[in-house]
Structures are given as structure tokens and as C-alpha cells.
Amino acid sequence: MLKVYGFARVNAMARGNTRDLRVLWALEEMGLPYELVGMDHPAGDLDSGAFRALNPFGQLPVIDDDGVVVTESGAILLYLARKSGRLMPRDPAGEAQVVRWSIAALTSIEVPVLSGWFVDVMGGEGTKPSAALRDWAVMRLAQLDGWLAEREFVATDGFTVADILMAHVLGAAANKGLLEPHANVRAYRERCAARPAWQRTLEAYFARVEVG
Ligand SMILES: N[C@@H](CCC(=O)N[C@@H](CS)C(=O)NCC(=O)O)C(=O)O
């Protein structure tokens, strides 16, 4: 039976807005059965070792589909859509549009919308927005560093598109000097960047693309 880890208790500000709602809504639309595992946020349920083994970022939602653990609301929805054949066309062109706009929602729209909120809530009076956002990135990179301690690649034993996305995003972090304290992240990024295909890609890019 599909298990959905969702909030059982959360602070008043978050209540009604949490991302487990995305999964619960999708399951409702798909008419799929599931078991809800309620998590008590103020009591520290998300900080337990058992939960962190499911999600190193200590966040909800998470699903466990008979041993297939998926975190990240976008990934969960795409997984469920693919598996059920619902809420996503089956042809590659239609699927591409769904993936495209899922990623747009979670990156192009969600990041700028929520960054301002995060600074207000976490930054505190008088804190420079850039300092609050930097602290946020530092926390996530430290958690990613732990995840990569005994892994060669981020998602599976082999290299996947997720490594391309992650390695490229980490390039931006490296440019800001954020990777210095994180040896596992740096080694991972170097591993990905050392791939001959990436080297060939970069080489062709620099040969082709001019400075404007
Ligand atoms: N990118 C993640 C973000 C997950 C996320 O931010 N979850 C929040 C609730 S909406 C959470 O678990 N917060 C608790 C915490 O960070 O301690 C996703 O889309 O699933």
C-alpha cells in the first residue's frame, strides 16, 4: 500500500499551505488508495534519524510506494502520474509539456515567490536579504553533503538526468564560493564535471558561443 507522509501537526502559519497537499490532491484526483503517515512537526518527527533516512532535508511530503521512496512534491506527482497513467498524457510530447510546466512552477515561479517570504520569516528585523538567503543555501548544501557521503550519484547508482540538473545547479553555488566547506558535494560535482560528455559539451560551447 502506498504510504504518504504528511503533516499531522504544523504551525498555524503553515497550516493549509503545506506541500503535502499537492500529493493528497493528486491522489484524490487519481482515485488511488493510500495510507497517510501523520508527522508532528513541532514535536520533531521530521528530525528523527528514521525520517532523515527517507528525506535528508527533513521535509514533507514523502511517499513510500512499496519500498520506492520519493521526496519532492514535483517528483512525487510526476511519479504518480506516470505510474497511474492519469493526469499526464502518455505520449512523449504531451508528457514533455507536463514536465516542463511542473519544473517551471517549482523553479521559475516558486523560488522568487517564496524567497521573499523566507527572508521576511527567517531573516528577522534588520537582516540583509542576501544574508538570509545565503544561510538557507548553506543549510541545504550541508544536508546534501551528508547525502552524498557514500553515494557516487545523487539519485541512483548510475548517472541520471538528476545528476545533470544537480551538477549544473551546484556550478552556480560554486561560483558564489558556497561549496568550500562541503567536500562530498565538491567531489560529486567534480565527478560529474569530469565526464567526457560534459567536457565535449563545454568545449563545443566555448568554441561556438561568443562574449557579447
Ligand atoms: N522542494 C520540496 C519542499 C518541501 C517543503 O518545503 N516542505 C515543508 C512543508 S511545505 C516542510 O516540510 N517544512 C518543514 C521543515 O523544513 O522543517 C517539495 O516541493 O516537496
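This is a predicted model: local features need pLDDT of at least 70, side-chain atom pairs count only at pLDDT 80 or more; totals for chains, interfaces and linings use all residues.

Biologist: What is the strand order in the open sheet?

Modeller: The order is β2-β1-β3-β4, and the pairing is mixed. β1 (residues 2–9) and β3 (residues 62–65) run antiparallel, joined over 4 bridges. On that pair, lysine 3 sits opposite aspartate 64 of β3.

Biologist: Which strands stand at the edges?

Modeller: β2 (35–40) and β4 (68–71) do. Each has a single partner strand, so one side of each lacks a neighbour in the sheet.

Biologist: What lies across β1 and β3?

Modeller: Helix α1 (residues 20–30) does, at about 135° to β1.

Biologist: Which residues are around the ligand?

Modeller: Among them are Thr18, Arg19, His41, Leu46, Gln59 and Glu72. By class, the shell holds 3 nonpolar, 6 polar and 2 charged residues.

Biologist: How do I read the sides of a helix?

Modeller: An α-helix has 3.6 residues a turn, so residues three or four places apart point the same way. Now take helix α7 (residues 183–193): Val185, Tyr188, Arg189 and Cys192 are its buried residues. Seen down the axis of α7, they fall within an arc of 95°, so they line one face.

Biologist: Which exposed residues does the face of α7 turned away from its buried side carry?

Modeller: Ala183 and Glu190.

Biologist: And what covers the buried residues of α7?

Modeller: The cover includes α5 (129–147), α6 (161–175) and α8 (196–208).

Terms used
Residues are numbered from 1 along each chain as its sequence is written. Two strands pair if DSSP finds at least two bridges between them. Helices (H or I, at least four residues) and strands (E, at least two) are DSSP runs, numbered from the N terminus. Two residues are in contact if their C-beta atoms, placed from the backbone, lie within 7 Å. Axes are lines fitted to C-alpha atoms, for helices over the stretch in contact, and angles run from 0 to 180 degrees between N-to-C directions. A residue is near a molecule or strand if its C-beta atom, placed from the backbone, lies within 6 Å of it. Ala, Val, Leu, Ile, Met, Phe, Trp, Tyr, Cys and Pro count as nonpolar, Asp, Glu, Lys and Arg as charged, and the others, Gly among them, as polar. A residue is buried if 20 or more other C-beta atoms lie within 10 Å of its own, exposed if 12 or fewer, and partly exposed in between; C-beta atoms are placed from the backbone. The arc is that of the directions from the helix axis to the C-beta atoms.
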